[in-house]
Amino acid sequence: MNHGYDFPRIQFANQEEKQEFSKFPTKTGRRSLSRSISQSSTDSYSSAASYTDSSDDETSPREKSQVNSKGSSDFCVKNIKQAEFGRREIEIAEQDMSALISLRKRAQGEKPLAGAKVVGCTHITAQTAVLIETLVALGAQCRWTACNIYSTQNEVAAALAESGVSVFAWKGESEDDFWWCIDRCVNMEGWQANMILDDGGDLTHWVYKKYPSVFKKVRGIVEESVTGVHRLYQLSKAGKLCVPAMNVNDSVTKQKFDNLYCCRESILDGLKRTTDVMFGGKQVVVCGYGEVGKGCCSALKALGAIVCVTEIDPICALQACMDGFKVVKLNEVVRQMDMVITCTGNKNVVTREHLDRMKIGCIVCNMGHSNTEIDVASLRTPELTWERVRSQVDHVIWPDGKRVILLAEGRLLNLSCSTVPSFVLSITATTQALALIELYNAPEGRYKQDVYLLPKKMDEYVASLHLPNFDAHLTELSDEQAKYMGLNKNGPFKPNYYRYERGFKTPHIDYD
């Protein structure tokens, strides 16, 4: 096949030069050389075998007997021998999470979490490991499990277990494994949690359901997802929330950085790794134009995709219109779409009816926390065939031969199928750590049995810890300027209702 380039014929000056060229390996020889190089690389770095070996992949970690180098078996991970690789990944993440390391150094002497027993349920990645080890450095004891059955980095879980953290998680857990791991974290003889760090509300739900007496000792809950926060507000409204809870999801540092900038980068990464798709000219519908949806739309549009949006909120819909996106109803456009991406945190956003009407090869995925946005259960019927293409990628095949590409079985795409930027997760993790410190050390009576937003001052502090990465220098208000604006020179600089939206500024009104 000619791709527009004619390879020149090689002309030799003499027979000696031709003989020298012929010493290079033939096609067969080059394959052998390639194998020998590959083999020697493995031999010289023998520990690579423990990282890539899949011979025990079929054995459930629950059936294995494993101990770390300290003799502890209070953990359940895929393979404790992967700890060295996990440690290197954690070290890489630390390089781009300097604010969390800075917090660790600043507060390590006073140990603000001394006596804290934190049970956590989050994604277990290199970035989360930096958070967990920061909590330990600040005096906490931690037991940890995963909030998603696909997002755990096995080698990182092994590294945490090797360092002494009781972690119960592995990639590809079953539903039964998922709840078993949560139970093992909570139900430990001689150890009872007094703080909860949750992502999605499953841990909090399990404690309420199985071990409600635990809440007699718990000082507070820190929750970082839309789904989990919604559950907390439901409990509060019903009068069933028996401890204070901190809503990290709606803090400025979570909404405007993790949700927006993280998703803007990781949506492309997840789609590329799983499908090798080219975005230019593709018809894409993004369901939801909150911060996650804004990030996804921005990234897809930048690479030439033709993006439209579905929305229930007229304000978000108007923002989408002003940003150049057509606002549509899913059932009106679903036949033409090459990709359907959910970002709402709701349930049944993409129904079986929508899936039946999609065209051949449509890619369907979810960027919201919960796995309820796409009605995957409706696809598990006898008339449809599931065909595994690669890890986290399935063809769902209809009787007429139509196939839809479903990613991560409708679970969170970026953390199930790729990774997320360490720097932006440092912002969220620092916010979580400060929320735990605040709730744990708060004097009795400061927080009632309700859901609270982080104080604006704390959001500003988290942001300030990350500015040195950019060699950014803040301007200081003069006394006259501070008085004119009615501000403290040290902040907070915005009222609690200020939302930091692009294109919106709060005007100064001079009543004098």
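Rings of Phe, Tyr and Trp (for Trp, the six-membered ring) form a pair if their centres lie within 6.5 Å; planes under 30 degrees apart count as stacked, those over 60 as edge-to-face, and the rest as tilted. The structure holds 7 aromatic pairs of this kind. This is a predicted model, in which local features need pLDDT of at least 70 and side-chain atom pairs count only at pLDDT 80 or more, while totals for chains, interfaces and linings use all residues. Residues are numbered from 1 along each chain as its sequence is written, and side-chain values use heavy atoms, with hydrogens and water left out.

**Aromatic rings**

- Ring pairs link Phe178, Trp179 and Trp206 into a cluster.
- Phe178 and Trp179 form an edge-to-face pair, 5.0 Å centre to centre with 80° between the planes.
- The rings of Trp179 and Trp206 are stacked, because their centres are 5.1 Å apart and their planes stand at 25°.
- This second pair links distant parts of the chain, 27 residues apart: Trp179 belongs to helix H8 (residues 175–186) and Trp206 to helix H9 (residues 202–210).
- Helices (H or I, at least four residues) and strands (E, at least two) are DSSP runs, numbered from the N terminus.
- Phe178 is buried at a relative accessible area of 6%, Trp206 is buried at 11%, and Trp179 is partly exposed at 21%.
- Buried means under 20% relative accessible area, exposed over 50%, and partly exposed in between (1.4 Å probe, protein chains only).

**Charges over rings**

- The charged end of Arg380 sits over the ring of Trp386, 4.2 Å from its centre.
- The charged end of Lys402 sits over the ring of Trp398, 4.1 Å from its centre.
- A charge sits over a ring if NZ of Lys or CZ of Arg is within 6 Å of the ring centre and within 35 degrees of the ring normal.

**The sheet**

- An open sheet of mixed pairing is formed by 8 strands in the order S9-S8-S7-S10-S11-S14-S13-S12, where two strands pair if DSSP finds at least two bridges between them.
- Strands S9 (326–327) and S12 (385–390) stand at the edges with a single partner strand each, so one side of each is left without a neighbour in the sheet.
- Strands S7 (residues 283–287) and S10 (residues 339–342) run parallel and are joined by 4 bridges; Val285 stands opposite Val340 in S10.

**Asn259**

- Asn259 lies in helix H11 (residues 252–275) and counts as buried, at 7% relative accessibility.
- Leaving aside residues up to four places away in sequence, Asn259 touches Asn249, Lys254, Glu291 and Val292, a contact being heavy atoms within 4.5 Å.
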